[in-house]
Amino acid sequence: MAKQQKTSIFVWEGVNRRGQPAKGEISALNSAYAKAHLRKQGIEPRKVKKAAEPLFGIGGGGSSKRIKASDITFFTRQMATMVKSGVPLVQAFDIVADGMDNLSMRKIINEIRDSVSAGNDFASALKQHPDHFDDLTCNLIESGEQAGTLQTMLEKVAIYKEKTEILKAKIKKALMYPTITLIVAFGVTLILLIKVVPSFESMFTSFGAELPAPTQFVVSLSEMAQEYYLYVIAAIILAIVALKQALKNSPQFRDKFEATLLGIPVIGELLKKAAIARYARVLSTTFAAGVPLVDALDSVAGAVGNSVYRDAVFKVRDEVASGQQMHLAMRSTKIFPNMVVQMTSIGEESGALDDMLGKAADYYEAEVDNAVDNLTAMIEPMVMVFLGVVIGGLIVAMYLPIFEMGKVIK
């Protein structure tokens with residue numbers, strides 16, 4: 001595999017297609033590549049020089065980090081605020097970029113600004129970064145530009161992004177507590193078996209008496225842990241890495257994995273409600289933006305977050321494209337709750353589909369919130385019982401011989 005060449009940041013000044021002066025930053029292998037890239041964007045470069053690198057890699061009021069969904073959400077909200085306040089689009093990019101702590105995100109914003117300065121529209125500039133801006137966002141921005149309602153559309157995109165982030169945060173909250181607790185319990189148990197139990201074992205050996213069955217079991221477990229714990233840890237790490245790679249590189253495996261998650265008690269119900277909430281929210285947003293229903297369903301399919309619901313949305317799209325009413329198409333999939341189907345039917349009949357879907361989204365987002373609280377309340381006592389049985393059981397097993405010795409002495 002060819003080694004990837006390192007790019008550098010270049011500061012440039014030039015003239016755009018409208019003959020207006022423009023300046024900015026661009027990432028390229030060298031100044032010649034930078035000039036060629038600028039000319040492709042419709043900018044005639046007058047001055048291109050390499051940007052000064054900050055001392056020790058620190059400077060510019062931020063740090064280079066991986067761009068997260070929260071960075072994109074913050075960007076859309078800030079742009080919506082700037083445009084709503086009447087700030088010109090190019091100037092808005094500069095203001096928002098200056099407020100970004102993440103230098104990687106600041107670089108993306110500067111590239112978008114350069115593209116817009118060169119005469120491209122906002123949506124086209126976003127489409128140059130498909131890893132960070134999905135088709136739904138680009139399509140909504142494009143609809144806003146074409147209809148002359150960019151301000152309104154940016155507001156809708158910002159709300160959609162914020163709602164999505166809140167939903168993700170709730171699901172992570174529900175799964176984080178038991179995960180961290182189990183990791184801590186595993187770590188404490190391993191330390192007890194590897195470090196503490198051997199000390200007791202040497203003491204018991206000096207007594208010469210037969211150990212109780214629970215103590216013998218724990219001692220045997222300790223001996224196994226001392227011999228194989230590195231292999232166990234390595235196997236767990238490899239399993240996690242393999243799972244991540246399979247989810248990333250194999251669509252078939254990812255689809256089966258997502259379908260399996262829906263069948264897990266309690267957690268599966270939470271994921272179903274989250275998928276319904278996303279479906280209703282995204283469809284409400286896109287339909288309200290004037291996107292044709294079939295195209296809107298295309299965008300929704302990529303946003304529901306689960307392969308089962310994605311395939312169901314594609315089925316709904318195909319039936320709607322053939323002339324079927326959407327609520328009937330939804331019912332035929334047999335995975336949409338009756339309430340959502342009924343609200344969709346009312347929306348279609350009254351001509352207020354976006355409003356009814358928005359209300360359905362509000363309801364299911366509240367349901368996700370309640371499900372998270374219920375899951376946390378249910379898991380807490382289960383975790384306490386688990387910790388008591390495992391760690392408490394180990395400690396009791398170690399002290400049993402001492403208790404029995406006390407009885408003998410009496």
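K272 is partly exposed, with 28% relative accessible area (buried means under 20%, exposed over 50%, and partly exposed in between, using a 1.4 Å probe and protein chains only). K272 forms a salt bridge with E269, where the closest N and O atoms are 3.5 Å apart; the term stands for a side-chain nitrogen of Lys or Arg within 4 Å of a carboxyl oxygen of Asp or Glu. This is a predicted model, in which local features need pLDDT of at least 70 and side-chain atom pairs count only at pLDDT 80 or more, while totals for chains, interfaces and linings use all residues. Residues are numbered from 1 along each chain as its sequence is written, and side-chain values use heavy atoms, with hydrogens and water left out.

**The pair in helix α10**
- K272 and E269 lie three residues apart in helix α10 (residues 267–288), so about one helical turn separates them. Helices (H or I, at least four residues) are DSSP runs numbered from the N terminus.
- E269 has a relative accessibility of 42% and counts as partly exposed.

**A buried pair**
- R113 and D114 meet through their side chains in a salt bridge of 3.1 Å, N to O.
- R113 is buried at 8% relative accessibility, and D114 is buried at 2%.

**R317 and D318**
- A salt bridge links R317 to D318, with 2.9 Å between the closest N and O atoms.
- D318 is partly exposed, at 43% relative accessible area.

- The structure holds 16 salt bridges.

Technical notes
Helix = DSSP H or I, 4+ residues; strand = E, 2+ residues; numbered from the N terminus.
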